[in-house]
Amino acid sequence: STIPGFRALDAEGVRGYLAADPELARRIGPSRSEADWQVREVGDGNINYVYIVKGPAGGLVVKQGLPYIRIARDWALTQERARFEAEALQEQARHAPVHVPAVHRFDAQLALIVMEYLPPPHSIVRGQLTAGALLPRLPAHVAEFMAATLFGTSLFALDTIRWRQQQARFQNGELCRLTEQVIFSDPYRAARVNRHTTPQLDAEAAALRADPQAKAAAAALKAKFCELQQALLHGDLHTGSIMATQETTYMIDAEFACVGPIAFDVGKMVGNLLLAFFASDGLASAAEPRHRQRRWLLQATEEMYSNFTNTFVSRWTTAVQSSTAGDLCPADIFGPEAAGGAEALQVAQATFLLELLPDVLAFAGAVMIRRIVGIAHVADLDTISDPDIRAVCERRALRCARELLVNPQRFADMRAVAAHADAAR
Ligand code: ADP
Ligand code: SR1
Ligand code: MG
Ligand code: MG
Ligand code: MG
């Protein structure tokens, strides 16, 4: 149900809202300059309305959540998502400030966030990859963001009292429910909202809906998504939620933030880089064959994963070494004064990494599949205008994704995944 007093803003409403707030207005221009501000709705996402406001002093972004989903207006969705997004952006900024836009205002009654404007040449990474770009800094920056936020909100870093408070604060049940439906259920049943390249992929979509191993794996993953509440996730970390230049990288759109498995954020990123890899063939031309981009996308996947695991583990070691032994802190039984502590820490870290990879790969497979046969597709593939060529790319991606979902234990490391993807195209 709609929030009492809620009103949906249009461009003029956004102008008036900001002009009435001196603290926000001064970021755009001097008082009474609002008639000269440029206000533009730029939302290209599936769910919300986003306005960019520019004036003589600078710009701001205003994001508003209506009581429904932008691409499916008959689908009601809690406006509480704006609060989860604002609080998650603020929490992420504590851990990775250079990779998160600053929140200037959260207005609960209007389900609205006013945040830092990321000006051009920042643009959405998915669009840049679709256009053929390489982003050499992206893997390290995303790895740093994931390691900082996922480690910093995990039980490896937090005292259990604070960790439990965080669990209570970030349940985000309704947005999780959406993820559970559109990622782990709908692709494996005849859901009304599903779509695929038809008739080219009719047989593959039908086969998936009757594939016992894929269905069992998806159901197990859904349970893992719900049960394994390890850290505060971004919750929708894909290339469409990242704005970057060649030098800078920002993670936006945190409305799906929730406590969940660390492998979910990492797997979404891996799956979306692999989707870009499989789409690259269909977007190539004789003049621009994109060999370099495909090689880079696989290297980027490996680099992102190895940077993430290295940084995560080194933060863990540092936390143990710098905390006071005796408390219920990261060093309580691993610390320098604990008998066998250093060896125990090594075993714990090796076990963590061993269990992480197959979960990352299974989540990656699931998110690739949902983008090909579910409700929400990706520009990388959708931009391939010839449906026969698009279907070839989608079929290869689907085959690779099913293997990741069903047989993740077969891959010893991310290099083996890259080799498998390369062989699958
Ligand atoms: P949704 O939740 O609907 O997906 P997003 O938060 O992803 O909405 O925003 C939609 C689009 O608005 C983004 O793809 C991007 O183009 C633009 N946008 C969002 N936040 C910013 C920002 N801080 N600076 C500049 N553009 C932004
Ligand atoms: C109705 S599904 C919309 C999708 O868009 C968001 O970005 C999430 O990925 C969600 O699953
Ligand atoms: Mg978005
Ligand atoms: Mg969103
Ligand atoms: Mg996804």
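Predicted model: local features only at pLDDT ≥ 70, side-chain atom pairs only at ≥ 80, totals over all residues.
Entry 1. I looked up the aromatic pairs and found that the structure holds 13 of them. I took Phe-156 and Phe-352 to begin with. Their ring centres are 5.4 Å apart and their planes stand at 85°, so I noted the pair as edge-to-face, given that an angle over 60 degrees counts as such.

Entry 2. I checked where these two residues sit in the chain. Phe-156 is in the loop between α5 (138-152) and α6 (160-169), while Phe-352 belongs to helix α12 (residues 341-373). They are 196 residues apart, and the pair links distant parts of the chain.

Entry 3. Phe-352 has 9% and is buried, because the cut-off for buried is under 20%.

Entry 4. I turned to Phe-184 and Phe-225. This aromatic pair is tilted, with 5.8 Å from centre to centre and 40° between the planes. Phe-184 lies in helix α7 (residues 173-185) and Phe-225 in helix α9 (residues 212-227), 41 residues apart. I found Phe-184 buried at 4% relative accessibility, and Phe-225 buried at 3%.

Entry 5. I went back to Phe-156 and Phe-352 to see which cluster they belong to. They form one aromatic cluster together with Phe-151, Phe-308, Phe-312 and Trp-316.

Entry 6. I also looked for charges over rings. Arg-70 lies over the face of Tyr-49, 4.4 Å from the ring centre. Arg-83 has its charged end over the ring of Phe-84, at 4.8 Å from the centre.

Key
Residues numbered from 1 in each chain as written. Chains lettered and ligands numbered in written order. Heavy atoms only, no water. Phe/Tyr/Trp six-rings, centres within 6.5 Å; stacked < 30°, edge-to-face > 60°. Helix = DSSP H or I, 4+ residues; strand = E, 2+ residues; numbered from the N terminus. Buried < 20%, exposed > 50% of the residue type's maximum accessible area, 1.4 Å probe, protein only. Lys NZ or Arg CZ within 6 Å of the ring centre and 35° of its normal.
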